[in-house]
Amino acid sequence: MDQQPAVNAADTNTLSTLTHDYVMDKVNAVIRQNMGANAGDIQATVKNGKVTLKGKTASEAQNQTIENQIKAVAGVDQVENHLRTTPE
């Protein structure tokens, strides 16, 4: 019977990095999808499944849509929303 090798620390770090990169890519895709040319108005950071959003949106509805869509991303456990609404 073949046994699976144990996961070593290096593999865990690689897995963690891949997970972080995956979540960051998905979060950025949500921001681009909702903000279009103004995607640069929002800065997102990801750490241990927690996404922190800073910046501005054009409406409260846009703010909530972005937050809700990011909450649905696999690997996101929490969203800390510091987005300001500043109508154009």
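A salt bridge is a side-chain nitrogen of Lys or Arg within 4 Å of a carboxyl oxygen of Asp or Glu. The views below come from a predicted model, and the structure holds two such bridges.

View 1. K71 is partly exposed, with 44% relative accessibility, whereas E67 is buried, with a relative accessible area of 11%. Side chains of opposite charge can pair when their charged atoms come close.

**View 2. E80 and K50 form a salt bridge between two strands.** Here the distance from N to O is 2.7 Å. The pair links distant parts of the chain, since E80 lies in strand β3 and K50 in strand β2, 30 residues apart. E80 counts as partly exposed at 27% relative accessibility. K50 is also partly exposed, and its relative accessible area is 30%. In the pairing of the strands, K50 stands opposite Q78 in β3.

**View 3. The whole chain has two helices and three strands.** Along the sequence these elements follow the pattern α-β-β-α-β. The chain has 88 residues, of which 28% count as buried. Among contacts with a separation of 6 or more, 59% are between residues 24 or more positions apart. The accessible surface comes to about 6,000 Å², and carbon and sulfur atoms account for 49% of that surface.

**View 4. Strands β1 and β2 form a hairpin.** The two strands pair in the antiparallel sense over six bridges, with two residues between them. One of the pairings joins Q43 to its bridge partner K54 in β2. N48 lies in the loop between β1 and β2. The phi of N48 is near 50 degrees, a positive value in a residue other than glycine. Most residues other than glycine have a negative phi. N48 is exposed, because its relative accessible area of 72% is over the 50% cut-off.

**View 5. T52 is a buried residue in strand β2.** The relative accessible area of T52 is 15%. Leaving out residues up to four places away in sequence, T52 touches Q43, A44, T45, E80 and H82.

**View 6. The largest nonpolar core has 18 residues.** Within this core, I31, V51, L53, I66 and I70 touch the most other members. At least two core residues come from each of α1 (9-35), β1 (42-47), β2 (50-57), α2 (60-71) and β3 (78-85). Helix α1 gives the most, with six residues. Apart from its neighbours within four places in sequence, I66 is in contact with V30, I31, N34, M35, I42, L53 and T57.

Definitions and conventions:
Residues numbered from 1 in each chain as written. Predicted model: local features only at pLDDT ≥ 70, side-chain atom pairs only at ≥ 80, totals over all residues. Heavy atoms only, no water. Helix = DSSP H or I, 4+ residues; strand = E, 2+ residues; numbered from the N terminus. Buried < 20%, exposed > 50% of the residue type's maximum accessible area, 1.4 Å probe, protein only. Contact = heavy atoms within 4.5 Å. Areas by Shrake-Rupley, 256 points an atom, 1.4 Å probe, with all protein chains shown as cover. Core = buried A, V, L, I, M, F, W, Y, C linked by side-chain atoms within 4.5 Å. Pairing = 2+ DSSP bridges.
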